[in-house]
Amino acid sequence: LYQVLEFTGPAVAQISMDGRFTMCNMAIEAGAKTGIFAVDDVTRAYVESRAERPWVEYASDEDARYARVVRIDVSQVAPTVSLPHLPSNTKPAADCNDMRIDQAVIGSCTNGRIEDMRVAVLRGRVVNPMVRCIIIPATQDVYRQCMHEGLMDVFLDAHCAVSTPTCGPCLGGYMGVLASGERCIATTNRNFVGRMGAKDSEVILASPAVAAASAVA
């Protein structure tokens, strides 16, 4: 039985393409095979400015019936984190104030777009000296936009390490690989055992705002 999450309705128009990418990405971590936003004018404007070949719209049949419909009022959802070792192991961020971290990773393919870079609350702040904070814009275009908007200065002034776009620490490949017993808060999409390095290290998943605030605190 395939699970497909389809996001529809008037409220969808208020969600930017950056936000849609993140939700579709994380839908997979929630157990779906795919996460799809119905095509609308926001989608068309995004694709038309980038597509280099003809493209086709696909949509559900107007009389399509679904096995289950879930409606969530996200205005009522407090900032949430996923504790080790599953994305589904969620808890309000406010309930985790006593958890020590060694590293913060802000970026990746999941949460490294320009909106994410802007909400990383580091302007005028400095990362705690006991924490390593790594910034990874998702693409070269995002990297360049960060430079134009002065965000690189914000990150460097906060004592962050800024990387070019890469998977890097997200999959424990290099740059930010966790040592034994270390804990990282990250805006990446998975926190399985050994995901970022040592098997006894831990990864907490969070939004860019929560990760940045945690790095400072």
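# A tour of the predicted model

With 217 residues, a compact globule would have a radius of gyration near 17 Å, and the 18 Å of the protein chain agrees with that. The model is a predicted one.

**Whole chain**

Start with the whole chain in cartoon view. It has six helices and nine strands. Along the principal axes, the C-alpha atoms fill a box of roughly 55 × 40 × 30 Å. Switch to a surface: the protein chain exposes about 13,100 Å², and carbon and sulfur atoms supply 54% of that area. Colour by accessibility next; buried residues make up 38% of the 217 residues.

**The aromatic pair**

Select F21 and Y46. The structure holds one aromatic pair. The ring centres of F21 and Y46 are 5.5 Å apart and the planes stand at 70°, so the pair is edge-to-face. F21 belongs to helix α1 (residues 17-29) and Y46 to helix α2 (residues 41-48), so the pair ties together parts that are 25 residues apart in sequence. Are these two residues buried, partly exposed or exposed? F21 is partly exposed, with a relative accessible area of 32%; Y46 is also partly exposed, at 26%.

**The largest nonpolar core**

Next, show side chains for M117, L122 and F155. These are the residues with the most contacts inside the largest nonpolar core, which has 30 residues. To see where the core comes from, colour β5 (103-107), α3 (114-119), β6 (132-136), α4 (140-148), α5 (151-157) and α6 (208-216); each supplies at least two residues of this core. Centre on F155. Leaving aside residues up to four places away in sequence, F155 touches M117, A120, L122, I135, C160 and V162.

**I136**

Stay with I136, which has its place in strand β6. I136 counts as buried, at 1% relative accessibility. Which residues does I136 touch, not counting those up to four places away in sequence? They are V105, I106, G107, S108, G112, M117, S163, T164, P165, T166, P169 and M175. For a distance, pick the C-alpha atoms of I136 and A158: they are 15 Å apart in space and 22 residues apart in sequence.

**Helix α6**

Move to α6 and select P208, V210, A211, A212 and A215, the buried residues of this helix. Then show what covers them: the cover includes β3, β5, α3, β6 and β8 (183-186).

**The loop between β3 and β4**

Select P84 and H85. P84 is found in the loop between β3 (80-82) and β4 (90-92), and H85 lies in that loop as well. A cis peptide bond joins P84 and H85, with omega about 0°. Display the surroundings of P84: residues up to four places away aside, P84 touches N89, N191, E202, V203 and I204. One of these, N191, is 107 residues from P84 in sequence, yet their C-alpha atoms are 6.1 Å apart.

- S108 lies in the loop between β5 and α3. S108 has a positive phi of about 85° although it is not a glycine. With a relative accessible area of 6%, S108 is buried. S108 is also one of the residues that I136 touches.
- H159 lies in the loop between α5 and β7 (161-162). Its phi is near 75°, a positive value in a residue other than glycine. H159 is exposed, with a relative accessible area of 58%.

Methods:
Residues are numbered from 1 along each chain as its sequence is written. This is a predicted model: local features need pLDDT of at least 70, side-chain atom pairs count only at pLDDT 80 or more; totals for chains, interfaces and linings use all residues. Side-chain values use heavy atoms; hydrogens and water are left out. Rings of Phe, Tyr and Trp (its six-membered ring) pair if their centres lie within 6.5 Å; planes under 30 degrees apart count as stacked, over 60 as edge-to-face and the rest as tilted. Helices (H or I, at least four residues) and strands (E, at least two) are DSSP runs, numbered from the N terminus. Buried means under 20% relative accessible area, exposed over 50%, partly exposed in between (1.4 Å probe, protein chains only). A nonpolar core is a set of buried Ala, Val, Leu, Ile, Met, Phe, Trp, Tyr and Cys residues joined through side-chain atoms within 4.5 Å. Contact means heavy atoms within 4.5 Å. The radius of gyration is taken over C-alpha atoms; the globule rule is 2.2 Å times the number of residues to the power 0.38. Accessible areas come from the Shrake-Rupley method with a 1.4 Å probe; for residues, only the protein chains shown count as cover.
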